[in-house]
Amino acid sequence: VVRVTIGGQPCIVYYVTSTAVECRISSSQLSAGSLPVVVQTANGTTSYAPGVVGGAIVGVTAPWAPSIQSVTPYFGNPNGGDVILIKATNLDGAHLPTATQVPTVRIGANLCKNVRVVDVETNECVTPPSAPGVASVVVTWSGKSNYDNRAFTYSLYDPGLAPMVSSSSSVVSSLVAVLVACVAAVLAF
């Protein structure tokens with residue numbers, strides 16, 4: 001368990017690696033200026049003054065990097081052309097995107113088309129074509145981007161479902177005919 005406070009205020013942790021911790025805190029909880037950061041882990045507590053510590057930048061920056069909350073649907077056709085909704089936070093407080101100012105959205109290395117702001121936390125776009133597989137959805141706003149993720153899958157079927165054998169009568173009839181032929185061949189020997 002990792003706990004973080006910034007300027008004495010709790011910061012909600014949502015991303016932890018062996019070298020980084022990312023957390024979310026409302027800008028209304030913070031005062032302007034340099035703020036101390038305190039990180040508590042199972043191994044103890046470490047306090048950092050704003051600045052550079054051991055080669056790592058420690059402190060609070062604004063605007064915050066966007067944070068992807070959800071992508072709906074989370075899969076689409078490799079040919080592209082699917083409309084998806086991307087829910088993201090931290091779109092820079094007072095400078096939220098509008099119908100004329102939209103964030104840049106990439107799926108993998110390709111730009112989404114027709115990016116549209118639905119509301120302050122939701123963007124809509126049309127998926128670009130890509131090879132089948134998992135891809136990151138990256139939202140860039142005010143020069144800040146979220147971390148790479150595995151939020152979208154290019155696939156012709158819902159990757160969350162197990163493959164199913166069709167129960168159509170022609171498929172079943174063909175399978176029965178093949179099985180009958182195989183049994184007859186075995187019995188003939």
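1. Two strands count as paired if DSSP finds at least two bridges between them. By that rule β11 and β16 are a pair: they run antiparallel and 4 bridges join them. This is a predicted model, and the points below should be read with that in mind.

2. Overall make-up. The protein has 18 strands and 1 helix. Of its 189 residues, 26% are buried. The accessible surface is about 11700 Å², and carbon and sulfur atoms hold 59% of that area. Among contacts with a separation of 6 or more, 53% are between residues 24 or more positions apart.

3. The largest nonpolar core. This core has 14 residues, and those that touch the most other members are Ile 68, Ile 84, Ile 86, Val 105, Ile 107, Val 137 and Phe 152. Two or more residues come from each of β8 (67-72), β10 (83-89), β11 (104-107), β16 (137-141) and β18 (152-154). The biggest contribution is from β10, with 3 residues. As a general point, nonpolar side chains in soluble globular proteins tend to be buried together.

4. Ile 107. What does Ile 107 contact, leaving aside its neighbours within four places in sequence? The list is Ile 84, Cys 112, Thr 127, Pro 128, Ala 135, Ser 136, Val 137, Phe 152 and Tyr 154. One of these, Val 137, stands opposite Ile 107 in β16. Ile 107, Val 137, Ile 84 and Phe 152 are also among the core residues that touch the most other members.

5. Strand β16. This strand is mostly covered, with 4 of its 5 residues buried. Besides its pairing with β11, β16 pairs in the antiparallel sense with β17 (residues 144-145) over 2 bridges. Thr 140 has Ser 145 in β17 as its bridge partner. The hairpin of β16 and β17 has 2 residues between the strands, and Ser 142 in this hairpin takes a positive phi near 55°.

6. A three-stranded open sheet. Its order is β9-β18-β15 and its pairing is mixed. Which strands lie at the edges? They are β9 and β15 (133-135), each of which pairs on one side only. Between β15 and β18 the pairing is antiparallel, over 3 bridges. Val 134 has Thr 153 in β18 as its bridge partner.

7. The disulfide. The whole structure holds 1 disulfide. It joins Cys 112 to Cys 125, with an S to S distance of 2.3 Å. Cys 112 sits in the loop between β12 (110-111) and β13 (113-119), while Cys 125 is in strand β14 (residues 122-126), so the bond ties together parts that are 13 residues apart in sequence. Are these two cysteines buried or exposed? Both Cys 112 and Cys 125 are buried. Cys 112 is also one of the contacts of Ile 107.

8. Salt bridges. A search of the whole structure finds 2. In one, the side chains of Glu 121 and Lys 87 meet at 3.6 Å, N to O. This pair links distant parts of the chain, 34 residues apart: Glu 121 is in the loop between β13 and β14, and Lys 87 is in strand β10. Glu 121 counts as partly exposed, at 29% relative accessibility, and Lys 87 counts as partly exposed too, at 33%. In the other salt bridge, the side chains of Glu 124 and Arg 116 meet at 3.0 Å, N to O. Arg 116 is partly exposed, with a relative accessible area of 43%.

9. Backbone details to check. The peptide bond between Thr 72 and Pro 73 is cis, with omega about -10°. Pro 73 lies in the loop between β8 and β9 (75-76). Asn 114, a residue other than glycine, has a positive phi near 50°. Asn 114 lies in strand β13. Why does Asn 114 count as exposed? Its relative accessibility is 62%, and the class begins at values over 50%.

Conventions: Residues are numbered from 1 along each chain as its sequence is written. This is a predicted model: local features need pLDDT of at least 70, side-chain atom pairs count only at pLDDT 80 or more; totals for chains, interfaces and linings use all residues. Side-chain values use heavy atoms; hydrogens and water are left out. Buried means under 20% relative accessible area, exposed over 50%, partly exposed in between (1.4 Å probe, protein chains only). Contact means heavy atoms within 4.5 Å. Accessible areas come from the Shrake-Rupley method with a 1.4 Å probe; for residues, only the protein chains shown count as cover. A disulfide is a pair of cysteine sulfur atoms within 2.5 Å. A nonpolar core is a set of buried Ala, Val, Leu, Ile, Met, Phe, Trp, Tyr and Cys residues joined through side-chain atoms within 4.5 Å. A salt bridge is a side-chain nitrogen of Lys or Arg within 4 Å of a carboxyl oxygen of Asp or Glu.
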